[in-house]
Amino acid sequence: MKRKMKKTLEQEMEKLLSLYGVVYFVIEPTGELGLIDGTGCTVSDYEVIPETVYIGMDAFSKCTGIRSVDMSGSRVKWIHTCAFFGCENLESVYFPECLVKVGCSAFEGCPLKELKLPGSLDMIEPGAFSFNNELEEITIPQGVTMIGDMAFEGCPKLSHAYLLPSIDHIGSNVFDRCGALKAIFVEQGEEEKIKRELSPGMQGKVMAV
């Protein structure tokens, strides 16, 4: 029994590879990669391996050495829960054009200076970009159908948000504690739909463009 367990463990270890201290898991039989641990990243500006299809839960959580992550050349479709939670020096993220979902609290507590989300995106889960102290403006691309609770809560410099009409559901307190928020821009004719999805305190900020 012990010999079988040892063999299984060795087989699993053979599926792991590392680049600059970032650990990936090889997905059989496709050879695609999952990024599962970036907390030991040895470079401040990191480029994700092209074959990567997801960023795992807590992958870079509280990694203070990371300053930018470029996944634009990868095949990442899902950034999991808390993947970059508390990365207090992460200023820039470059997303791939195949990204579908950003998980709960994935970028909570990061000082992202700008947010360019891809048109492929479908879901922004609860708290995904909350407590970003440097974020000033966001555009939710056409294709996003759901923005989860508190997705942008506690972004004190956020002054403008642009929401496109594909959104079917906006969670509670999405822009809570965003004291600088002046306007939530929506397409002409979408004002009432968006207002119904927002808290009373935010409905008055909805403006058609």
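Author: We will take charges, strands and rings in turn. Keep in mind that this is a predicted model.

Reader: How many salt bridges does a search of the whole structure find?

Author: The search finds 7 salt bridges. Such a bridge needs a side-chain nitrogen of Lys or Arg within 4 Å of a carboxyl oxygen of Asp or Glu. Look at Arg-75 and Glu-32: their closest N and O atoms are 3.4 Å apart.

Reader: Where do Arg-75 and Glu-32 lie?

Author: Arg-75 sits in the loop between strand 6 and strand 7, and Glu-32 belongs to strand 3. The pair therefore ties together parts that are 43 residues apart in sequence. Arg-75 is partly exposed, at 39% relative accessible area. Glu-32 is partly exposed too, at 25%.

Reader: What about Arg-177 and Glu-153: are they buried or exposed?

Author: One of each. Arg-177 counts as exposed at 54% relative accessibility, whereas Glu-153 counts as buried at 6%. Their side chains meet in a salt bridge, 2.7 Å from N to O. Arg-177 is in the loop between strand 14 and strand 15, and Glu-153 in the loop between strand 12 and strand 13, so this bridge ties together parts 24 residues apart in sequence.

Reader: Which residue does Lys-193 meet in a salt bridge?

Author: Lys-193 meets Glu-190, with 3.8 Å from N to O. Lys-193 is partly exposed, at 25% relative accessible area.

Reader: Over how many bridges do strand 11 and strand 13 pair?

Author: They pair over 4 bridges, in the parallel sense.

Reader: How do I read a pair of aromatic rings?

Author: A pair is described by two things: the distance of the centres and the angle of the planes. Here the count comes to 8 aromatic pairs. In one of them, Phe-60 and Phe-84 are 4.9 Å apart centre to centre, with 10° between the planes. Planes under 30 degrees apart count as stacked, and this pair is stacked.

Reader: Why does the pair of Phe-60 and Phe-84 tie together separate parts of the sequence?

Author: Phe-60 lies in the loop between strand 5 and strand 6, Phe-84 in the loop between strand 7 and strand 8, so the parts they tie together are 24 residues apart in sequence. Phe-60 is buried at 0% relative accessibility, and Phe-84 is buried at 0% as well.

Reader: What are the values for Phe-152 and Phe-175?

Author: That pair is stacked, with 6.0 Å between centres and 15° between planes. The two residues come from distant parts of the chain, 23 residues apart. Phe-152 is buried at 0% and Phe-175 is buried at 3%. Ring pairs also link these two into a cluster, whose members include Tyr-46, Phe-95 and Phe-107.

Reader: Which ring does the charged end of Lys-101 sit over?

Author: The ring of Trp-78, at 4.3 Å from its centre.

Reader: One last stop: is Leu-112 buried or exposed?

Author: Leu-112 counts as buried, at 1% relative accessibility. Its place is in the loop between strand 9 and strand 10. Among the residues Leu-112 touches are Leu-90, Val-93, Phe-107 and Phe-129.

Key:
Residues are numbered from 1 along each chain as its sequence is written. This is a predicted model: local features need pLDDT of at least 70, side-chain atom pairs count only at pLDDT 80 or more; totals for chains, interfaces and linings use all residues. Side-chain values use heavy atoms; hydrogens and water are left out. Buried means under 20% relative accessible area, exposed over 50%, partly exposed in between (1.4 Å probe, protein chains only). Two strands pair if DSSP finds at least two bridges between them. Contact means heavy atoms within 4.5 Å. Rings of Phe, Tyr and Trp (its six-membered ring) pair if their centres lie within 6.5 Å; planes under 30 degrees apart count as stacked, over 60 as edge-to-face and the rest as tilted. A charge sits over a ring if NZ of Lys or CZ of Arg is within 6 Å of the ring centre and within 35 degrees of the ring normal. Lists of a residue's contacts leave out its neighbours within four places in sequence.
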